[in-house]
Every structure is written in C-alpha cells, then in structure tokens.
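Welcome! Please take a moment to look over the sequence and the 3D model below before reading on.

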Amino acid sequence: MIKVTLKRKITPRVANGHPWIFANEVEKTAEELKGGEVVSVFTHDDKFIGHGYANPRSQILVRLLTRDRKTEINEDFFYQKLQECWTYRQKLGYTENCRLVFGEADGLPQLIIDKFNDYFVIQTLALGMDVWKPAIVKALERIFSPRGIYERNDVPVRELEGLPQQKGFLSAPFDTRILINENGLKFHVDIENGQKTGYFLDQQDNRRCIQHIVKNAEVLGAFTYTGTFEIHAAHYGAKSVLGLDISANAVEQANSNAKLNGLDHVVRFDTANAFDVLKIWSREGKQFDVVMLDPPAFTKSRETIQKAITGYKEINLRGMKLVRPGGFLVTSSCTSLVKPDLFQNIIQMAAKDARRQIRQVSFQTQSGDHPVIWGLENTEYLKFLIIQVL
Ligand code: SAH
C-alpha cells in the first residue's frame, strides 16, 4: 500500500480522530497517488495512523476508513461495517426505516444509505467510496435480501471528485414509488424523483415531539415537502392543518399522503411561496395555534452565511407573528454552518423584532440514526426547536 506521510503541524488533529486529510497537510507520498486507491497514512515521525482512500483531484486527499493497521480494506470490510451499522440502528429501536449509514459518523466517509423497509437508497459521494459500490451492494444483499436498491448519485458534490451525477437501479428494476410506515402513519416515498433520497428520515423522531401541542389546534405548516409533520399533526388531534410548499409535485404527494391516512378532512396542502404568504398573512393579522417551519438549507458556503441568517430571521419572524399568544412555533434548520447557538440567537432576534416573548420547550438535533461525532462538524447539522410564543 502506498505510504502517505503527514506534516508535523497537522498530525495531532488527524491523530485525535478527524478522518480527513487535506492535500496541504501531506509532507510526502511514496508514489504518485491514483484516484480511488487505498493508502496508508503515517505521522511525520512514522507512526501508523490509518488506512484510507485517496483522490488527488479532491482538496481532501485522503479519507480514513480504519485506524487498525491489520484491517484490510476489501469486500468483507464493507460487509462487517454494514453489519455494525445495522446493529447500532436496531439497538436504538429502528426496525423499518432508518439512515443505515451516515458517512463519516459511521466510519464510512461519503457513503449514505437510507433504508425504507425492504428498499435501500445509496449515495457514494467520493471516488474512493464509489469504487466499492459493488461490494456495498453485495453486503446489502447478504444482510437484508432487499426488494430493491437504488442509486441517488444525482448530487453536484460528486463533480468535485471527478464523478458524474447519475441515478438508477443497483438491483433488478422495481416500482420506485414505495410505501413506508412511520409512527403508525403511512407515507409514499418517491425514491427516484423525490428530494435527496426521497424522504427526510432525520426528522423522524422529532415528528413525534409535536404530539401534545397540536391537540385541538389550528396548525400551519410551511416547507412541508410530502406533508409528514402536518399529517402527524392531524393524526395527533389537530382541529385543522394547512400545509404550504413551493413545489406543486410535493403538494400533490402531500395531499395523496393525507388521503392515504384518512386525514384529508383535517389537513390540506397548497402550493405557495412561504416567504410571501407568511408576510401577507402576518400583515393581515391571521392567527394559528401552532406554526411549523422546516425550510431547506439556505447555504452551503461560509461566504453566504449572512444570507442564511437573514433568511432564518425573516421566516421565523413572520412565523412567530402568526402564533396566537400562548401558542407554539416549531422551527427547524438543516444548514450545518448555522450552529445551534447561532440558530438560538437568530430566533431571539426574530422574537425581539416581533415584540414577542418566547420560551424554549425543547431543542434537539437529528434523530439517532444520524449520530453526531463531536469535533466532526458536519455530522451535527439539524436544529429542531419548539418554543412557546407568549
Ligand atoms: N418538512 C419536510 C421537509 C422539508 S424540505 C419533511 O419533514 O419531510 C424543504 C421543503 O421546502 C421542500 O419541499 C421545498 O420544496 C420547500 N421550499 C423551498 N423553498 C420554499 C418556499 N419559498 N416556500 C415554500 N416551500 C419552499
């Protein structure tokens, strides 16, 4: 295996657990590195750190797969790792749907696998992981005997790795509009054309948190996608629920999910730009008992972080104004660059501008099938906040 030696200065960071090695952190490589190959990384004073995969095209030259010198990176490695991932999820109580592999947080950098009962959706976002796709598919077949496996590699970040964007079957073709159960409700998931892998599993535990506050409430949900939070609200006893999303396709699926659960007499979805509608309604003095917001990520780069802050402040200010005194705002942020304390500050600024007092009911992150590794920034990305608006 080709040897990669790190510079003295950065070694502690990597030695202390970080799996990424940037090109400018490498002192020397024994040979020129080829994209996708497995290499061995050593400290400046020749102590073994780990085996990982390399890509000279990427700013992140090596991503570590193991810190055990004897572990070989081969088909069996992926089988063992996937077994470990499944054991962990089962321990947490996930039986049907879960993020089976959450990349770096599972020691499998840039690999995402979502499990929707007997169907699996895969993303391999780096070249060094992409080359192991056949081994990963084989491991899934061995462990789960899936009804279908689908690749959702239509993700721009792959281009930084010199990989094409693509999607398609990794098993025999199947009907890609599947049905899942969550918290006793049914949802259609379009794994071929839906957003990301088709469904936002990261909110699956948080959806249960609205159970008590929505009882007999008039509820407004914005950025609803296929209507998961809103249908939960109806199921938990809301008086009426209105959901808004800018995507007509998402709204159609949300309405069909409402019908599927026999809740279409309580919950309705409309196509609308939430920024515009919430602005008009707050001017008109419209009121709800509970307002729920779950917008998409507003930025992925530090340069435009201010834009994200402005966006969050604006939408939460408008949302808060629509809450009756004593009602609740349920608000999320999936922008990983907006850290939990920054998000709280933004909500506080919004409350000040709305001239409303608020108190925190609960503040959480993504569900446990997306574990957080401290010090590995991007693994903690979701903020889920419930506040009472006085
Ligand atoms: N709450 C959903 C996930 C929401 S994803 C769930 O748990 O499944 C974010 C959604 O916001 C997407 O469906 C996207 O279409 C929608 N969206 C983006 N910009 C919007 C806007 N300006 N107004 C309304 N919806 C918007």
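## About the model

This is a predicted model, in which local features need pLDDT of at least 70 and side-chain atom pairs count only at pLDDT 80 or more, while totals for chains, interfaces and linings use all residues. Residues are numbered from 1 along each chain as its sequence is written, and side-chain values use heavy atoms, with hydrogens and water left out.

Helices (H or I, at least four residues) and strands (E, at least two) are DSSP runs, numbered from the N terminus. A residue is called buried under 20% relative accessible area, exposed over 50%, and partly exposed in between, using a 1.4 Å probe and protein chains only.

## Salt bridges

Side chains of opposite charge can pair when their charged atoms come close. Here a salt bridge is a side-chain nitrogen of Lys or Arg within 4 Å of a carboxyl oxygen of Asp or Glu, and the count comes to 20 salt bridges. One of them joins lysine 3 to aspartate 46, with the closest N and O atoms 2.7 Å apart. That pair links distant parts of the chain, 43 residues apart: lysine 3 sits in strand β1 (residues 2-6), and aspartate 46 in the loop between β4 (38-42) and β5 (48-54). Lysine 3 is partly exposed at 31% relative accessibility, and aspartate 46 is partly exposed at 45%.

Arginine 89 and aspartate 106 also meet in a salt bridge, at 2.7 Å from N to O. This pair again links distant parts of the chain, with arginine 89 in helix α2 (residues 75-91) and aspartate 106 in the loop between β7 (97-102) and β8, 17 residues apart. Both arginine 89 and aspartate 106 are buried. Another salt bridge connects aspartate 154 with arginine 152, their closest N and O atoms being 3.0 Å apart. Aspartate 154 is partly exposed, with a relative accessible area of 27%, whereas arginine 152 is buried at 5%. Elsewhere, Asp130, Lys133, Glu151 and Arg158 are linked in a network of salt bridges.

## A positive patch

Which residues gather in a patch of positive charge on the surface? They are Lys279, Arg283, Lys321 and Arg355. Such patches are made of residues with over 30% relative accessible area and no salt bridge, like charges being joined within 9 Å and nonpolar side chains (Val, Leu, Ile, Met, Phe, Trp, Tyr) within 5 Å. Lys and Arg count as positive and Asp and Glu as negative, while His and the chain ends are not counted. The place of a charge is taken as NZ of Lys, CZ of Arg, CG of Asp or CD of Glu.

Arginine 283 is exposed, with a relative accessible area of 65%.

How many disulfides does a search of the whole structure find? The search finds 0, a disulfide being a pair of cysteine sulfur atoms within 2.5 Å. The sulfur of cysteine 98 has its closest cysteine sulfur in cysteine 85, and at 9.4 Å that is too far for a bond. Cysteine 98 is buried, at 0% relative accessibility.

For cysteine 334, the closest cysteine sulfur belongs to cysteine 209, 17 Å away and too far for a bond. Cysteine 334 is partly exposed, with a relative accessible area of 22%.

## Positive phi angles

Most residues other than glycine have a negative phi, and most peptide bonds are trans. Asparagine 117, although not a glycine, has a positive phi of about 40°. You can find asparagine 117 in the loop between β8 (111-116) and β9 (119-124), where it is buried at 15% relative accessibility.

Serine 145 is not a glycine either, and has a positive phi of about 40°. Its place is in the loop between α4 (133-144) and β10 (148-153). Serine 145 is exposed, with a relative accessible area of 58%.

## Covered helix residues

Helix α5 (residues 228-235) is mostly covered, with 7 of its 8 residues buried. Among the buried residues of α5 are Phe229, Ile231 and His232. Just after α5, glycine 237 takes a positive phi of about 105°.

Methionine 129 has its place in helix α3 (residues 127-130) and is buried at 0% relative accessibility. The C-alpha atoms of methionine 129 and glycine 221 are separated by 38 Å, and these residues are 92 apart along the chain.

Key: Areas by Shrake-Rupley, 256 points an atom, 1.4 Å probe, with all protein chains shown as cover.
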